[in-house]
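Have the model open in your viewer and keep the selection tool handy. We will go from one stop to the next, with a note on what to select and what is there.

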Amino acid sequence: MLVTLVACYFAVTICIGFYAARRVKNSADYLVAGRSLPLYMNTATVFATWFGAELILAVSSTFLKEGLQGVVGDPFGAAFCLIFVALFLAAPYYRLKLMTVGDFYKKRYNRTVELASAAAISISYLGWSSANLVALGIVIHTVSGNAITLEQGIVLGAVIVGIYTLFGGMWSVAFTDLFQTVIIVAGLIYIAWMLAGMAGGVDKVVATAQKQSAAWAKLSGKERAEVLTSIATELANARGDLINVMTHESGKTVGESDPEISEAIDFAMYYAESARQLDVARSKFTPFKVGLVTPPWNFPVAIPMGGVFA
């Protein structure tokens, strides 16, 4: 079943590429899609380019092994470059009606510099392109049940990509990228839902949170303060372990990790005192039944703890 779905995916991709090739009437259509791609297709093209097989398979594996410090270049460095180009270079390049980056160097300098820049860009992309083709080859090799070797999978993937790219140029790339973006997003959502099910399921997590919220709401301010104070004590006792995990997983230094843990402890103590004030003021606090805390990656302890304590 899985092999059939993958084969259908490749067939549809090639058909989309051939359909898009009908729009190609000149070199501008072939190289830059006539400079007329709508915003949603531009967005899909950029997304599919950077969220391809290499990033989803290789970068995610690197993150698991090395933490955030292993993926500084891709996707974070790459994302910075995309933002920089969008802010400072895209508009001038568009006004100059350039086909390639090399065209700029030809206009600004000469033919020799254009060829040198083209060679440098081509060489720099060899590793990235190879990684994508290898990742695609791994997918084909795996879903075929090892019937197709890794080398054959790489060649097959390269042929499929080459066919629709050579026939339709940027129009084919844009249309197939739009299709692939839908597949990637839908696939990642499905995987996330499936993994949530392996952990008990989203419904079970929400139901448990709702059940526990009733018990928490019945506690007095003093009782809530005691819970928060005990958590602060446990955080202090686990300081060394937390620093170890933060330096390994987040790439933070000891000097950055230690004060963040202190901040989390301060959050617990602050909200413990705030809970005591509920009794002093004879107030009744009714919390939200279910809350979702989504902290940033660069503060893995203090901000999520602060959100939960609040």
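## A walk along helix 13

Start by selecting S257: leaving aside residues up to four places away in sequence, S257 touches I243, M246, T247 and K252, where contact means heavy atoms within 4.5 Å. Before going further, note that this is a predicted model, in which local features need pLDDT of at least 70 and side-chain atom pairs count only at pLDDT 80 or more, while totals for chains, interfaces and linings use all residues. Residues are numbered from 1 along each chain as its sequence is written, and side-chain values use heavy atoms, with hydrogens and water left out.

Is S257 buried or exposed? S257 is buried, because its relative accessible area is 0% (buried means under 20% relative accessible area, exposed over 50%, partly exposed in between, with a 1.4 Å probe and protein chains only).

Helices here are DSSP runs of H or I with at least four residues, numbered from the N terminus. The end C-alpha atoms of helix 13 are 40 Å apart, which agrees with the 39 Å that its 27 residues should span at 1.5 Å a residue; the expected span is 1.5 Å times one less than the number of residues.

Next, colour the buried residues of helix 13: S257, E260, I261, A264, I265, A268, A272 and A275. An α-helix has 3.6 residues a turn, so residues three or four places apart point the same way. To see what covers these buried residues, show helix 11 (221–237), helix 12 (239–249) and helix 14 (302–309), which are included in that cover. Just after helix 13, stop at R282, which takes a positive phi of about 55°.

## Into the cores

Select L235, I261, I265 and F309: these have the most contacts inside the largest nonpolar core, which has 14 residues. Such a core is a set of buried Ala, Val, Leu, Ile, Met, Phe, Trp, Tyr and Cys residues joined through side-chain atoms within 4.5 Å. Helix 11, helix 12 and helix 13 each supply at least two residues of this core, and helix 13 gives the most, with 6 residues. Zoom in on I265, which touches A232, L235, A236 and R239, again not counting residues up to four places away in sequence. Apart from this core lies another, of 8 residues, including I16, A20, A33 and F175.

## Last stop: I163

Finally, select I163 in helix 9 (residues 150–198). I163 counts as partly exposed, because its relative accessibility is 27%. I163 touches I14 and F18, not counting residues up to four places away in sequence.
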